[in-house]
Amino acid sequence: MMCTRLLTLLKPHAVKRNLPQICSARFSSLRRQHENIITAFCQPGSCFNKSDDHKQRIWSPSLAGHNYGTRFFSLTPAGIVNAAPAFVQPYLRLMRLDKPIGTWLLYLPCTWSIGLAADPGCLPDLRMLALFGVGALLMRGAGCTINDMWDKDFDRKVSRTATRPIASGEITQFQALVFLGGQLSLALGVLLCLNYYSIALGAASLSLVVTYPLMKRITYWPQFVLGLTFNWGALLGWSAVKGLCDWSVCLPLYVSGVMWTLIYDTIYAHQDKDDDLKVGVKSTALRFQENTKLWLSGFTGVMLSGLVLAGVNANQTLPYYCAVSAVAIHLAHQIYAVDINRPEDCWKKFASNRNLGLLLFLGIVTGNLWKKRNDDQYETQLSSISN
């Protein structure tokens, strides 16, 4: 009897008829096993449960916090950091490689200056843009390292910063100091690729980088000092291209950048104002409180005035002023719409400033290319008159 059933099943038409049912049953079995695994790992106390405090110590960061069955690597900054070797990850997080918005905000004033310094009808110097991009990445990392070394005791008391590598003990002060030396050495290598004027000008910014983290202890205006630091590239970019600063362009551009930083970093500081009160540090968010939007509107007016003055002195054209108008609209919406009592909304508005900076850079490049078009039209008119 058994042999007869076996022979029947082995017939070609029987296999063809029964194969879908066999595959379906096998697939259902595997799916149930998969669901059981997920259920087991997601129980309270499981290393895959997000609420378990020690998951990061037991599982690789590439696994922790992810659902079973999803891909572990992505090309996002956080995904790249999580895919790095475990011993490297704390250093990458120390330099905020997983949160690149700060690097963008440091880099963009450099691009504005390099773009304004380009010859009429030409694109910005791509070599300079690349050098300043690497320099911004390194100097932002160095600044974050210095900040975390100064603030390790404060960071432990604030929920948003308690997991930073130095505050959490993943990296010691000595290790951070060695890492800082490496970042500054590489940044010096980038700086030495520039002319002597720019080397001296770039070196002068180091005092701001070192002292900025202390400002929140002594003044309600640490965002102003951050603005002086973060927008140094508005001076350095022009000098790197031209050999020295044209202060009629660089100074208004620098002032505009400082005002821009006061806007976005005040919004950012509203995320931490309750914790800042507890630990005793100061910020413009605490200084302005409910008058924040009025102050930010004033900073916006100064920023836009500086951009217009820089454009006039750099002989910019219509596309540039269209971009400045778009920047004004972006800032007006940002200030009007932000809810300073909702940290997630503050972060969203803060992060949107990358797009604002890119928009202005696009306006500078397009406006510079427009100069070539106007020159060609002028030459055509002259030749037609002479004929």
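Select helix α12, residues 222–230, and show what its buried residues pack against: α6 (101–117), α11 (206–218), α14 (247–269) and α16 (284–288). Contact here is heavy atoms within 4.5 Å, and helices are DSSP runs of H or I, at least four residues, numbered from the N terminus. Of the 9 residues in α12, 7 are buried, where buried means under 20% relative accessible area, exposed over 50%, and partly exposed in between, with a 1.4 Å probe and protein chains only. Colour Pro222, Gln223, Val225, Leu226, Gly227, Thr229 and Phe230 to see the buried set.

The model is predicted: local features need pLDDT of at least 70 and side-chain atom pairs count only at pLDDT 80 or more, while totals for chains, interfaces and linings use all residues. Residues are numbered from 1 along each chain as its sequence is written, and side-chain values use heavy atoms, with hydrogens and water left out.

Next, select Leu92 in helix α5 (residues 89–94). Leu92 is buried, at 15% relative accessible area. Leaving aside residues up to four places away in sequence, Leu92 touches Val81, Ala84, Leu97 and Asp98.

Because Glu170 lies in the loop between α8 (152–155) and α9 (173–191) and Arg93 in helix α5, the pair ties together parts that are 77 residues apart in sequence. Glu170 is partly exposed at 41% relative accessibility, and Arg93 is partly exposed at 23%.

Select Arg164 and Asp155 for another salt bridge, 3.7 Å from N to O. Arg164 is buried at 16% relative accessibility, and Asp155 is buried at 6%. Then move to Arg342 and Glu344, whose closest N and O atoms are 3.1 Å apart in a salt bridge. Elsewhere, salt bridges with shared partners join Arg96, Asp148, Asp155 and Arg164 into one network. The whole structure has 11 salt bridges.

Arg96 is the next stop, in the loop between α5 and α6. Arg96 is buried at 9% relative accessibility. Its phi is positive, about 60 degrees, although Arg96 is not a glycine. Most residues other than glycine have a negative phi. Gln289, in the loop between α16 and α17 (292–313), also has a positive phi, of about 50 degrees. Gln289 is partly exposed at 49% relative accessible area.

Which residues line the second largest pocket? Select Pro77, Arg96, Leu97, Pro100, Thr103, Trp104, Tyr107, Leu137 and Arg140. The elements giving two or more residues to this lining are α6 and α7 (126–150), and α6 gives the most, with 3 residues.

Finish at Asp276 in helix α15 (residues 273–279). Asp276 is buried and has no salt bridge; the nearest side chain of opposite charge is Arg160, 6.9 Å away. Lys and Arg count as positive and Asp and Glu as negative, while His and the chain ends are not counted. Not counting residues up to four places away in sequence, Asp276 touches Ala269, Val281, Ser283 and Leu286.

Methods. Salt bridge = Lys/Arg side-chain N within 4 Å of Asp/Glu carboxyl O. 1 Å grid on protein atoms, 1.4 Å probe; cavity = no way out; pocket = protein on both sides within 12 Å on 5 of 7 lines; lining within 4 Å.
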